[in-house]
Amino acid sequence: RSMARDLGADNIRINCVVPAQVFTERQLAGKTAEYLADRLAEQCLNRQLLAPDIARMVLWLAADDSRMCTAQNWHVNGGSV
């Protein structure tokens, strides 16, 4: 937040992307179906969080669509509870 305030005068935005557990091939290797079901049960959205989900948030923050967003934490977590 301090950086956002300091750099805002120069139209520099500061944000933080906070992902939950991202399901990559390496993380899925050796995991049981029960383990995966337990992870999904911790989320509101019943889908695996994938790397492209994080990338989409970062791309949105880089686009003009988010031009008035700064000093925020953006949680990409499927609604983890």
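This is a predicted model: local features need pLDDT of at least 70, side-chain atom pairs count only at pLDDT 80 or more; totals for chains, interfaces and linings use all residues.
The chain contains 4 helices and 2 strands. Read along the sequence, these elements occur in the order α-β-α-α-α-β. The radius of gyration of the chain is 16 Å, whereas a compact globule of 81 residues would have a value near 12 Å. Along the principal axes, the C-alpha atoms fill a box of roughly 50 × 20 × 20 Å. Of the 81 residues, 21% count as buried.

The loop between α1 (2–8) and β1 (15–19) holds Asn11, and Ile12 is placed in the loop between α1 and β1 as well. Asn11 is not a glycine, yet its phi is positive, at about 60°. The relative accessible area of Asn11 is 72%, a value over 50%, and the residue is therefore classed as exposed. Ile12 has a relative accessible area of 38% and is accordingly partly exposed, because this value lies between the 20% and 50% limits.

A positive phi is also found at Ala71, where the angle is near 60° in a residue other than glycine. Ala71 belongs to the loop between α4 and β2. With a relative accessible area of 17%, Ala71 falls under the 20% limit and so counts as buried. Asn11, by contrast, is exposed. The C-alpha atoms of Ile12 and Thr70 are separated by 8.5 Å, although the two residues stand 58 residues apart along the chain.

A search of the whole structure returns 1 aromatic pair. This pair is formed by Trp60 and Trp74, with a distance of 5.3 Å centre to centre and an angle of 75° between the planes. The geometry is classed as edge-to-face because the angle is over 60 degrees. The pair links distant parts of the chain, since Trp60 lies in helix α4 (residues 51–62) and Trp74 in strand β2 (residues 72–76), 14 residues apart. Trp60, at 30% relative accessibility, counts as partly exposed. Trp74 is likewise partly exposed, with a relative accessible area of 21%; this value is not under 20%, so Trp74 does not count as buried.

Charged side chains are also placed over an aromatic ring. Arg39 lies over the face of Tyr35, at 4.7 Å from the ring centre. Lys31 also lies over the face of Tyr35, and its distance from the ring centre is 5.4 Å. Both distances are within the 6 Å limit applied to such contacts.

Technical notes: Residues are numbered from 1 along each chain as its sequence is written. Side-chain values use heavy atoms; hydrogens and water are left out. Rings of Phe, Tyr and Trp (its six-membered ring) pair if their centres lie within 6.5 Å; planes under 30 degrees apart count as stacked, over 60 as edge-to-face and the rest as tilted. Buried means under 20% relative accessible area, exposed over 50%, partly exposed in between (1.4 Å probe, protein chains only). A charge sits over a ring if NZ of Lys or CZ of Arg is within 6 Å of the ring centre and within 35 degrees of the ring normal. The radius of gyration is taken over C-alpha atoms; the globule rule is 2.2 Å times the number of residues to the power 0.38.
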